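Dear colleague,

I am handing over the structure that we spoke about, and my notes on it follow below. Please read them alongside the sequence and the coordinates.

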Amino acid sequence: MQFQHVAGVGTRLWRWSRNSGTQPRLLHAAKAAAAATLAWVVAQNVPGVAAEYPYYAPLGAVVAMQTTVFAGLRSGLQTLVGIALGIAVAAFTMWVGDPGVLAVAITVGVGVLVGGFRILGEGSSWVSTAALFVLLVGGAHAEGYSLGYLVQMAVGVVVGLLVNFLVFPPLHFWDAERRIDQVNSVLAVHLDGLADVLEQGGRDERAWDQAQDRLDRAIADVRSRVSIAQESRRINPRGALRGSRARLQRDGARFRALERVAWYTTDLTELVARSGPVSSNLGRPDEAFTTPLVRAIRQVAAMVRGDHPPDEGDRAISELEHALDASREKPSDVAVTSTALVALRGIVESERRATHDADTETGPAEPPRPTSLHDRLARRRGHRPGRGGPSD
């Protein structure tokens, strides 16, 4: 009995660490610490003048330890290019005159100007930093210092890239999938709020502005996480594993559906909460339209949340269509309800298309797996449809 209790606590802690993103962060922190330590050891055995500056190697390792292997390679190369340009800026400044107040001003000014090129990426901030280090720290030994600085940073970058590549190279599929599920819940709450407004007849412009901003930020966040998941597969040995490409395609299909659902939801918000049934100039529509419209919105919200399949949304929308077919006496009500019907139908079809795309376009790389709605239902029961590493 006690063993079962301990096992249950361990399972809950495991799920919490996965859901909160703690596992990938802990793994990344451990790998960064190991890479910095290894770089420090290697740096002390580098021959020549570079051996006098071993403390730059751990810094280079940290620079290369990014969330994805490809991002680490890009960051490392951009940093080294930025440092090389900074050394050149410092050399130019020292050629102009002796270090002093004017030299510092010239170094920083030229360094910031050179670092302004977007192609440098993360290396842009290193131009002026490296130039100042060479000017003020290197001083009379600027030549040896510059060589040691650049070489040891390169050593650290190489060590960091190797550690990130060889030790559980991160695949951020789980993070993207988790966030997609969370935003689906945000969308469902948003739709339920629209149903409440339509049913009760009240509206709050400020509240809807905040809700729309929250939804926009959530979509932007998901877009970023899906992009990171796609990038994490590049130059990654785990990216060649069976099923990783199919999983990425599924996530892409779900995100595209999520964007379409968000667009239709925004359109429905403008219609219902701002210029439509509860606006001051039109007032609430006839109950013959309000009741089926509210029911349809709630059913679609439940579908987006993962509580019901798309067929439930279809049935509720069909009831709304029947109400429209039965009356043509109030053109304004009919027009508003018809427009809302288009948005609701778009949401349902977007969800259905996401499931269809995931089932038919990912190829035979792995056995079919529940997607979209079914994934969410499985997670709500505490199961994961698929397995991955500690940072997948």
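Asp 314 lies in helix 12, which spans residues 310-326, helices being DSSP runs of H or I with at least four residues, numbered from the N terminus. Asp 314 is buried, its relative accessible area being 16%, where buried stands for under 20%, exposed for over 50% and partly exposed for what falls in between, with a 1.4 Å probe and protein chains only. Its side chain makes a polar contact of 2.9 Å with the side chain of Arg 345; such a contact is a pair of N or O atoms within 3.5 Å, of which, within protein, one must be able to donate a hydrogen and the other to accept it, while residues adjacent in sequence count only if both atoms are side-chain atoms. When neighbours within four places in sequence are left aside, Asp 314 is in contact (heavy atoms within 4.5 Å) with Arg 345, Val 348 and Arg 352.

Please bear in mind that this is a predicted model, in which local features need pLDDT of at least 70 and side-chain atom pairs count only at pLDDT 80 or more, whereas totals for chains, interfaces and linings use all residues. Residues are numbered from 1 along each chain as its sequence is written, and side-chain values use heavy atoms, with hydrogens and water left out.

Turning to helix packing, helix 4 (residues 69-96) and helix 7 (residues 142-166) pack at an angle of about 175°, and their axes are 10 Å apart; the axes are lines fitted to C-alpha atoms over the stretch in contact, and angles run from 0 to 180 degrees between N-to-C directions. Helix 4 is therefore roughly antiparallel to helix 7, a term that applies to angles over 145 degrees. Among the residues that meet there are Leu 73, Leu 80 and Ile 87 from helix 4, and Tyr 149, Met 153 and Phe 165 from helix 7.

Helix 7 also holds Gln 152, which is buried with a relative accessible area of 0%. A polar atom of the Gln 152 side chain lies 2.7 Å from the backbone oxygen of Ala 50, and the contacts of Gln 152 beyond four places in sequence include Ala 43, Val 46, Tyr 53 and Pro 54.

Finally, Leu 38 in helix 2 (residues 22-43) counts as partly exposed at 43% relative accessibility. Leu 38 touches Val 159 and Val 163, residues up to four places away in sequence not being counted, and its C-alpha atom is separated by 8.0 Å from that of Pro 58, 20 residues apart along the chain.

Terms used:
Helix = DSSP H or I, 4+ residues; strand = E, 2+ residues; numbered from the N terminus. Parallel < 35°, antiparallel > 145°, perpendicular 65-115°, else oblique.
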